[in-house]
Number of protein chains: 2
Amino acid sequence: MTDVTNARIGEVMPGKPLSREETKAITRRRLIEAALKLADAGGGRSFTASEVAREAGVAQPTFYVHFRDRDDLLKALGESQIDELRQELARARAAIDLEAMAGGHPDEALREAFRLSVTAMLEHPMLFRVYVRERTHSDSPLARHCRGIADALREDLVTDLRTLDEHLSRDRSDAERTMLADAIGAFTEALGLGHLDGRYDDLEEIIDVLARFTRSALA
Amino acid sequence: MTDVTNARIGEVMPGKPLSREETKAITRRRLIEAALKLADAGGGRSFTASEVAREAGVAQPTFYVHFRDRDDLLKALGESQIDELRQELARARAAIDLEAMAGGHPDEALREAFRLSVTAMLEHPMLFRVYVRERTHSDSPLARHCRGIADALREDLVTDLRTLDEHLSRDRSDAERTMLADAIGAFTEALGLGHLDGRYDDLEEIIDVLARFTRSALA
């Protein structure tokens, strides 16, 4: 998606020496960027710590100054991507016309929210697969982290559903809202995976099915 | 669910000695039964080959006469459960009133199909979690097997959707039917997992959400 580096050495005023903290932050961001590049370039393939160090142009021991292991880097990488996606999704969903939604009418803003989700999955297939796979593992820091992401995304959706229901003065339990959020999250992911696995190609058709499904279910 | 043993030693006519093949089949079924018992008793915990042998009352080397390893037994166990579930689901879905479905009306047969799916997941949580988890792995015989199960369940659903569309003279691409099948499968699983993870309790409320979602999306 976008560059995870907010500060680059070249952008720092010449003549002003970098502090130790600044240098460290830059190296860390370079490692995350290198990992993202490798993740996206490698098809579904993962990467090793030494590949990331090489790609970032740092010595391998430097990798371990910043990250405990490859999973630790994957966590940081997921965080950098998911934080941005959550903000984009929040903006896209805030633009959804609740009246149109309530009436079951087409709404480009709803499509845009799904487009953002699916595009994020398809742009970073390796990260997406890691997220889906690791979440189901019973115990590892990365698994807990992935479940944390799922919890956050679900909570965002539950909050939106509560707003929709309040707007419509509709009585719905939080349990049911949680189910709907789980369902919407699950079929969005399923169609992203289905596309990656080659079962259907047309991205706009996928978005259409997702939006129609959601609209009619919530109308 | 039901007993996987179709032939038990006690049911064989007395006096007629068991053939070598019969004895082998019985031992194999005993091992599968023992594994199912351990799987269901152990919460989310898996089991080892020697635990299964002990539970089945056979020597550990006997285990390896029948199964290559624990994953191989899990495959056989999944098969024994999924074949039965597919038949039950096919019967339940054949009973769905297509007119009612088309009109978006409540249909107890549709609820019953979802009840069967969710109940199967909740009755065998360990098997269900293995199925979800292994499917996402890139390569192992068990992973391929689990993806094969997912393919078969999807194909059943696509066939049913084709029947529904023909009944309604509705034009829908097979790509879209595949998406709908993926979506329905995904949110059914998601709500099963959500229940197992303790996010919502009421099974009938879950079935209600699943049926409503599907009905309004397909109507």
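In this predicted model, chain B and chain A bury about 2,600 Å² between them. Carbon and sulfur atoms account for 69% of that area. On the chain B side, B:Met179, B:Arg199 and B:Phe213 lose the most area to chain A. Together these three residues make up 25% of what that side buries. In terms of contacts, 28 residues of chain B touch 28 residues of chain A.

Four salt bridges are found between chain B and chain A. One side-chain pair in a salt bridge is B:Arg199 with A:Asp182, at 3.0 Å from N to O. B:Arg199 is also among the residues of chain B that lose the most area to chain A. Eight residue pairs are in polar contact across the interface of chain B and chain A, with both residues at pLDDT 80 or more.

Three elements of chain B give two or more residues to the side that touches chain A: α7 (125-135), α9 (174-196) and α10 (203-218). Of these, α9(B) gives the most, with 13 residues. By residue class, the side of chain B that touches chain A holds 15 nonpolar, six polar and seven charged residues.

Within chain A, helix α7 (residues 125-135) is mostly covered. Nine of its 11 residues are buried. The buried residues of α7(A) include A:Pro125, A:Met126, A:Leu127 and A:Phe128. Further along, A:Val130, A:Tyr131 and A:Val132 are buried, as are A:Glu134 and A:Arg135. The cover over these residues includes five helices of chain A: α1 (20-41), α4 (70-94), α6 (108-123), α8 (141-167) and α9 (174-196).

Key
Residues are numbered from 1 along each chain as its sequence is written. Chains are lettered from A and ligands numbered from 1 in the order in which they are written. This is a predicted model: local features need pLDDT of at least 70, side-chain atom pairs count only at pLDDT 80 or more; totals for chains, interfaces and linings use all residues. Side-chain values use heavy atoms; hydrogens and water are left out. Buried means under 20% relative accessible area, exposed over 50%, partly exposed in between (1.4 Å probe, protein chains only). Helices (H or I, at least four residues) and strands (E, at least two) are DSSP runs, numbered from the N terminus. Contact means heavy atoms within 4.5 Å. Buried area is the accessible area (1.4 Å probe) that two parts lose on being put together, summed over both. A polar contact is a pair of N or O atoms within 3.5 Å; within protein, one must be able to donate a hydrogen and the other to accept it, and residues adjacent in sequence count only if both atoms are side-chain atoms. Ala, Val, Leu, Ile, Met, Phe, Trp, Tyr, Cys and Pro count as nonpolar, Asp, Glu, Lys and Arg as charged, and the others, Gly among them, as polar.
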